Amino acid sequence: MPVQVNLTMVFQTLFLGLSVFYDVSEWMDKNESTLASRVKYWRDVVFKGMVVPFTMFVTSMFWCVYAIDRELVFPQVYDEVVPWWFNHCVHTNITIVIIIETILQARRKPTDKKLELIFYWAIAFAYAIVYYTIYFVTKRWLYQVFGTMTWWQVCLYQLFIWGISYVFYIMQFPINRLIHGKEESDVKETEITPKDNGVPFSKTWSMKFGNTKADENSRL
């Protein structure tokens, strides 16, 4: 999956560049500036909508197909020129960014879901157009796994590719909440005593009926 790997590397490089810029802003106590806030916004949008779904797709799909028939994605002849560690750097090591970033940063929900999905679907469709165009022009599949399928199987496989990538996008948020917990705004305020319209019951009772004990003392 050379093309998608290269695209994923571009997304990760863009994300890391934005992250470094924002981290430097924090060290200089300028993270509240307008520029730093915009950088943080785009950093999170790029990570959620581009880095996570496509990085996880590349890793999972490559190793699943590799386990079934490596000749379809990484022929054995490549071993003579490509060392095993380089293969892992390209197809395994890229997930380290996801794991470390998920552990260190709380991203419990989308920053801008509409924009993240626009980026996701634009890239997903554009990438599909690339390898279908290559096939119709050269009559050769970019990935040999497509060559083992009939056209209706290719269509189903394409839907699966889009679907599993979207699942990776959705899954990142509950997983992040498991690590970092819910946001304070998402946690409902709980009190031991019952409430009346959001006001503690004891306070509501006091407002409606007064302090009974105090009233009795005043009458005495």
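Counting up the secondary structure, you get 9 helices and 2 strands in this protein. Keep in mind that the model is predicted.

Now for the overall numbers. The protein has 220 residues, and 35% of them count as buried.

Two backbone spots deserve a look if you're checking torsions. Which loop holds Asp29? Asp29 sits in the one between helix H1 (2–27) and helix H2 (34–69). Its phi is positive, about 55°, even though Asp29 is not a glycine. Further along, Lys139 is in the loop between helix H5 (113–138) and helix H6 (144–147). Lys139 is also a residue other than glycine with a positive phi, in this case near 65°.

Here are the two side by side:

| Residue | Phi | Relative accessible area |
|---|---|---|
| Asp29 | about 55° | 68% |
| Lys139 | near 65° | 58% |

Are these residues buried or exposed? Asp29 counts as exposed because its relative accessible area of 68% is over the 50% cut-off. Lys139, at 58% relative accessibility, counts as exposed too.

Terms used. Residues numbered from 1 in each chain as written. Predicted model: local features only at pLDDT ≥ 70, side-chain atom pairs only at ≥ 80, totals over all residues. Heavy atoms only, no water. Helix = DSSP H or I, 4+ residues; strand = E, 2+ residues; numbered from the N terminus. Buried < 20%, exposed > 50% of the residue type's maximum accessible area, 1.4 Å probe, protein only.
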